[in-house]
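Grab a pencil and work through these exercises with the structure open beside you. Try each task before you read its solution.

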Amino acid sequence: MSTQTLDSAVRSAPGAFGIDIGGSGIKGAPVDLVVGEFAADRVRIATPRPATPEAVAQTVADVVASFELPTEVPIGVTFPAVIQHGVARSAANVDDSWIGTNVEDVVARATGRLVHAVNDADAAGYAEAHYGAARNQRGTVLVVTLGTGIGTCMVVDGTLVPNLELGHLEIDGKDAERRAADSARERHDLTWEQWAKRLQKYFSTLEDLLWPDLFVVGGGVSKKHHKFLPLLDLRTPIVPATLRNDAGIIGAAALAYREQG
Ligand code: BGC
């Protein structure tokens, strides 16, 4: 089945609202789901400190309140942790107090709206698969976001396989994201060549385990893809993400719409 068939419901949808909860900012925008683009400029408010569930939910509500949104518009929220049925189950790069928190309930209480919460990489990857770099790609797409951590998202023939925590694969006895995330490049002041060696090992491991048809590389550093992607030698085609910073918001909105339907 092609991705076009699978996402036809989303493509004919009127719209939804996406929120990206990040370590430094909480960003939101209404999304036109037919084209997979923002329907209005996004609004960003700094992430509160400490980033407790209640404080973050209130900031999400403030972002939503900046727009005149009909009450029935579904809200999709990204979160940088495993999200099982609305509940955060891990906290690799966020406050531990989130573990066990029902992100959907806490944001729904603050906004008075229906909320669907998803892992940040799943949201970004879903958007890339449906509207971005992997649009119309058949088979298995693995989207890898390189940032503070490593987020991974698998989409098979248009269907998301959620919560694939492959950033935490143990390679040479170490958590992969500690060595190969963009934060590791910055922390250790690595040259592009040095970082590419670590990425080579990471992506080779992924392709040997999962045999994807396409890798898509996202995260802020993906805009500098020409510095490191050409240094990798893989059997799997590897391309930069095209939706960049917008991907999380667009994917969260699309997934919220699907969930509601
Ligand atoms: C988390 C993932 C998240 C990724 C990117 C990892 O440390 O475990 O859930 O998707 O970072 O934010």
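**Exercise 1: The second largest pocket**

S8 contributes 4 residues to the lining of the second largest pocket, the most of any element. A quick note before you go on: this is a predicted model, where local features need pLDDT of at least 70, side-chain atom pairs count only at pLDDT 80 or more, and totals for chains, interfaces and linings use all residues. Residues are numbered from 1 along each chain as its sequence is written, and side-chain values use heavy atoms, with hydrogens and water left out.

Task: describe the lining of the second largest pocket.

Solution. 
- Step 1: A pocket is an open set of points on a 1 Å grid over the protein atoms alone, where a 1.4 Å probe fits, with protein on both sides within 12 Å along at least five of seven lines; lining residues have an atom within 4 Å of a point.
- Step 2: find the centre. Of the 14 lining residues, Ile83, His85, His116, Ala117 and Pro162 lie nearest to it.
- Step 3: look at the elements. Strand S6 (83–84) and strand S8 (115–119) each supply at least two lining residues; strands are DSSP runs of E, at least two residues long, and helices are runs of H or I, at least four.
- Step 4: sort by class. You get 5 nonpolar, 6 polar and 3 charged residues.
- Step 5: check the space, which is about 260 Å³.

**Exercise 2: The largest pocket**

Task: which residues lie nearest the centre of the largest pocket, and how much space lies in it?

Solution. 
- Step 1: the lining has 49 residues, and Asp120, Thr145, Gly147, Thr148 and Gly219 lie nearest the centre.
- Step 2: the space comes to about 1200 Å³.
- Step 3: among the elements that each give at least two lining residues are helix H5 (120–131), S9 and S10.
- Step 4: by class, the lining splits into 15 nonpolar, 21 polar and 13 charged residues.
- Step 5: domain 1 (3–120 + 246–260) and domain 2 (133–242) each give at least three residues to this lining.

**Exercise 3: Strand S9 and its partners**

Task: is S9 buried or exposed, and which strands pair with S9?

Solution. 
- Step 1: 7 of the 7 residues of S9 are buried (under 20% relative accessible area, with a 1.4 Å probe and protein chains only), so S9 is largely enclosed by the rest of the structure.
- Step 2: check both faces. Thr140, Leu142, Val144 and Leu146 are buried on one side, and Val141, Val143 and Thr145 on the other.
- Step 3: S9 (residues 140–146) pairs with S10 in the antiparallel sense over 7 bridges; strands pair if DSSP finds at least two bridges between them.
- Step 4: Leu146 has Ile150 as its bridge partner, while Val143 stands opposite Cys153.
- Step 5: S9 also runs parallel to strand S14 (residues 214–218), joined by 5 bridges, with Val144 partnered by Val217.

Methods:
Points joined across faces, edges and corners; volume = space filled by probe spheres on them. Nonpolar A, V, L, I, M, F, W, Y, C, P; charged D, E, K, R; others polar. Domains from an automatic or database assignment. Buried < 20%, exposed > 50% of the residue type's maximum accessible area, 1.4 Å probe, protein only.
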